[in-house]
Amino acid sequence: MIETKRSLELVTDHTYGNWKPRKGWKKPLFIAKAEGARFFDDGGKAYLDFSSQLMCSNLGHGNKAIIGAIREQAERLAYVAPSFTCEAKARAVEALLEVTPQELDQFFFSTSGTEANEAALKIIHQYMEPQRKYKIISRYRSYHGSTSGSIALTGDPRRWFAEPVNKIPGVIFAPDAYCYRCPLGLEYPGCNIQCAEYVDYMIKEEGNVAAIFIEPVVGTNGIIVPPKEYLPRLREIADEHGVLFVVDEVMSGWYRTGELFAVDHWGVQPDILTAAKGCTGAYAPVGITATTSRIREFFEEQCFSHGHTYTMHPLVVAAIPAAIAEYGKLIATGLPRRASRHLGQGLQQSMERHKCIGDVRGLGHFWAVELVKNRETKEPFNTKADKAALKPLLADKLAAEMLRRGLYVVSWYNHFVIAPPLVITEEEVDQGLAIFDEVLEIADKRTD
Ligand SMILES: Cc1ncc(COP(=O)(O)O)c(C=O)c1O
């Protein structure tokens with residue numbers, strides 16, 4: 001066993017960490033084990049996981065069935081090259097065909113959400129090339145991944161650091177369906193969803209748009225649930241102009257919002273859907289790019305010019321059918337429905353108690369609590385520019401204090417992402433909310 005202090009040093013002295021200056025990668029929490037909705041440090045202190053790690057451990061920690069499926073596969077056949085097939089691959093496809101929307105029956109497997117989106121980009125570009133369409137409409141409030149293509153599609157400050165080198169031609173940004181701070185200065189429903197209508201205008205004016213590429217419920221950048229007309233209208237606009245409609249369900253998929261995929265809330269069928277994170281409950285790294293068979297037909301003769309050494313890695317894909325079965329059992333218990341309702345109500349009640357909360361919004365186990373200095377003016381404590389300038393952020397400070405008190409919550413520049421595992425109980429929700437409430441008092445004192 002490596003002693004904890006040495007383990008920390010090895011990792012922090014010799015690895016880069018994610019999205020932070022090296023000096024900010026000093027004292028990560030050392031996690032020794034995890035079970036259900038909790039994880040434990042090496043001293044045995046428990047932490048309630050209110051964000052499913054990175055909104056991916058949807059089935060909670062320590063799930064024996066999924067661990068068993070991976071172990072069994074490791075013993076039977078750990079790896080074969082993408083040019084071979086095996087039972088684990090067949091089982092993964094069979095399980096996916098049972099749950100994914102009927103039209104989406106062609107899959108490409110990778111090992112992350114980023115890669116799932118890169119594959120989608122290649123497919124879009126190749127498929128639309130004969131029509132000389134290549135532009136992609138994304139939105140400012142978005143994150144689609146860390147590599148050149150997917151970061152170019154991203155609206156959040158992580159793209160700013162990557163520019164100008166990591167840029168692909170043709171990405172344009174549409175206004176967000178962010179009603180709390182409408183970028184068009186309008187109010188729903190009187191707005192007649194001009195944010196969607198503007199996409200129609202963009203496509204007409206640009207002339208060569210290949211795809212609309214969006215998170216149906218925006219994840220890290222604010223858990224933005226669009227008005228009910230928004231996605232059906234975007235689908236219509238895409239059809240009217242012969243543009244592909246692509247949904248990134250990397251975070252919003254796998255029952256995070258209460259339905260298997262977020263698009264299911266509005267009955268919208270995409271041409272391409274990308275998934276990752278929850279598709280194995282984060283027990284193994286998987287990215288999935290699902291397309292219609294209409295798109296597949298195009299590649300019968302054209303080279304599908306994409307691939308990885310670990311495309312359909314047997315160990316990884318073995319986790320997919322196991323996770324799908326576990327989701328089925330868990331949903332059937334009714335617990336996720338009850339706990340998510342309880343969580344939503346609890347957060348709304350928090351808003352009544354705290355002046356520092358400007359907005360609470362979400363669906364299922366997927367909520368944002370947005371902070372304000374002043375409810376009337378909606379002035380935020382911190383902005384996107386503060387994040388990009390690496391300024392200390394109030395939301396981060398509060399999240400650190402919550403962690404100290406035994407609650408893990410992801411903070412982004414002016415809001416919290418509350419997304420516990422689907423196994424969380426109503427009692428655990430109450431325990432988490434109690435700590436959340438205590439700590440928000442610090443921010444209340446800073447309001448006008
Ligand atoms: C919506 C969305 N797309 C893509 C990604 C990238 O996924 P990964 O971090 O697995 O590469 C993320 C990650 O948080 C995400 O939230």
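**Close-up views of a predicted model**

**View 1. Strands E2 and E3 within an open sheet of the predicted model.** Strand E2 (residues 38-41) and strand E3 (residues 46-49) run antiparallel and are joined by three bridges. Arg-38 stands opposite Leu-48 of E3. The sheet comprises four strands in the order E1-E2-E3-E13, with mixed pairing.

**View 2. Helix H1, with a salt bridge between Glu-9 and Arg-6.** The side chains of Glu-9 and Arg-6 meet at 3.8 Å, N to O. Both residues lie in helix H1, three residues apart, about one turn of the helix. Glu-9 is partly exposed at 27% relative accessible area, and Arg-6 is partly exposed at 41%. Helix H1 (residues 4-14) also contains Val-11, which is partly exposed at 39% relative accessibility. Val-11 forms a nonpolar surface patch with Ile-2 and Leu-10, together presenting about 230 Å² of accessible area.

**View 3. The salt bridge between Asp-200 and Lys-204 in helix H8.** The closest N and O atoms of this pair are 2.8 Å apart. Asp-200 and Lys-204 are separated by about one helical turn because they lie four residues apart in helix H8 (residues 194-206). Asp-200 is buried at 9% relative accessibility, whereas Lys-204 is exposed at 55%.

**View 4. The salt bridge between Arg-294 and Asp-271.** The closest N and O atoms are 3.5 Å apart. This pair links distant parts of the chain, 23 residues apart: Arg-294 lies in helix H10 (residues 293-298), and Asp-271 in the loop between strand E8 (244-248) and strand E9 (272-275). Arg-294 is partly exposed at 48% relative accessibility, whereas Asp-271 is buried at 5%.

Key:
Residues numbered from 1 in each chain as written. Predicted model: local features only at pLDDT ≥ 70, side-chain atom pairs only at ≥ 80, totals over all residues. Heavy atoms only, no water. Pairing = 2+ DSSP bridges. Helix = DSSP H or I, 4+ residues; strand = E, 2+ residues; numbered from the N terminus. Patch = residues over 30% accessible without salt bridge, like charges linked within 9 Å, V, L, I, M, F, W, Y side chains within 5 Å. Areas by Shrake-Rupley, 256 points an atom, 1.4 Å probe, with all protein chains shown as cover. Salt bridge = Lys/Arg side-chain N within 4 Å of Asp/Glu carboxyl O. Buried < 20%, exposed > 50% of the residue type's maximum accessible area, 1.4 Å probe, protein only.
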